[in-house]
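Subject: Structure handover

Hello,

Please find the structure below, together with its sequence. My notes on what was found in it follow.

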Amino acid sequence: MLNTRTLHALALGWASLLAQSSALAQPSHDHARHEHDHGAISPSSSAKAVGGKKWETDTVLKAGMDQIRQTMMARRTELELDRLTTRDYQDMGAAVERHVAAIVANCKLTPQVDQAFHTVVLADLTRDASLMRTSPKQSVQRLSAQGVLRTLQHYGEQFQHPGWSVDAASGPAK
């Protein structure tokens, strides 16, 4: 019998392989519609804006991230109690993907903020939402949903969004 740590490691490894194969099959974000120079920021430098401040956001980004947070917070207790079905995870993953697509389609961020968002938030949200929607393994779906929650936490730490919280005790911010 495998212990929980071993199962977790196996699920993460499997999720990583699935994410890599999924990324090859998924269309990427259409950077051609942007007129930004994404080379200005490396992943390691995108953690904080200049001077340690949080990255600025716009109305579209805040609205989309609020929708993703609401999707996840609505089922958080069930997620934490491991009571979600495969279909629940699929529905949540599809909803997150729809909200991410709306954010990307209406991107009005400055080049540096856009790159920071792609590096700090978008890549992880896209991977985890896809795994929630497509993985045949409920354990992978659950880990991916937890990954979305971690990414939402990172978003709040890195981007200006007044009232942002993914703390289960406080519930969704207005």
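Before the rest, a word on confidence. This is a predicted model. The protein chain has an average pLDDT of 78, and 67% of the residues score at least 70. Residues 1-46 have pLDDT below 50, although this stretch makes 49 contacts in the model beyond near neighbours in sequence. Residues 170-174 also stay under 50, with nine contacts beyond four places in sequence. Where pLDDT is low, the coordinates should not be read in detail. Please treat the contacts of residues 1-46 and of residues 170-174 with that in mind.

Back to α2. At the start of this helix, a side-chain oxygen of D58 comes to within 3.3 Å of the backbone nitrogen of V60. The buried residues of α2 are L61, G64, M65, D66, I68, R69, T71, M72 and M73. What covers them includes α3 (76-80), α4 (86-105), α5 (111-134) and α6.

M65 is in contact with V121, and R69 lies over the face of W164, at 4.0 Å from the ring centre.

V121 is in helix α5. Its relative accessibility is 0%, so V121 counts as buried. Apart from neighbours within four places in sequence, V121 is in contact with M65, A116, T151, Y155 and F159. V121 and Q158 are 37 residues apart along the chain, yet their C-alpha atoms are separated by 9.3 Å.

Next, the aromatic rings. How many aromatic pairs are there? The count comes to three. One of them joins Y155 and F159, which are stacked, with 5.4 Å from centre to centre and 15° between the planes. Y155 also pairs with W164: the ring centres are 4.8 Å apart and the planes stand at 75°, so this pair is edge-to-face. The cut-off here is that planes over 60 degrees apart count as edge-to-face. F117, Y155, F159 and W164 together form one aromatic cluster.

Are Y155, F159 and W164 buried or exposed? Y155 has a relative accessibility of 0% and so counts as buried. F159 is buried as well, with a relative accessible area of 0%. W164 has 14% and also counts as buried, because the limit for buried is under 20%.

The last item is S144, which lies in helix α6 (residues 138-158). With a relative accessible area of 2%, S144 is buried. The side chain of S144 reaches the backbone oxygen of V140, at a distance of 2.9 Å. Leaving out neighbours within four places in sequence, S144 is in contact with D128, L131 and M132.

Regards

Technical notes
Residues numbered from 1 in each chain as written. Predicted model: local features only at pLDDT ≥ 70, side-chain atom pairs only at ≥ 80, totals over all residues. Heavy atoms only, no water. Phe/Tyr/Trp six-rings, centres within 6.5 Å; stacked < 30°, edge-to-face > 60°. Buried < 20%, exposed > 50% of the residue type's maximum accessible area, 1.4 Å probe, protein only. Lys NZ or Arg CZ within 6 Å of the ring centre and 35° of its normal. Helix = DSSP H or I, 4+ residues; strand = E, 2+ residues; numbered from the N terminus. Polar contact = N/O pair within 3.5 Å; in protein donor to acceptor, adjacent residues only side chain to side chain. Contact = heavy atoms within 4.5 Å. pLDDT = per-residue confidence, 0-100.
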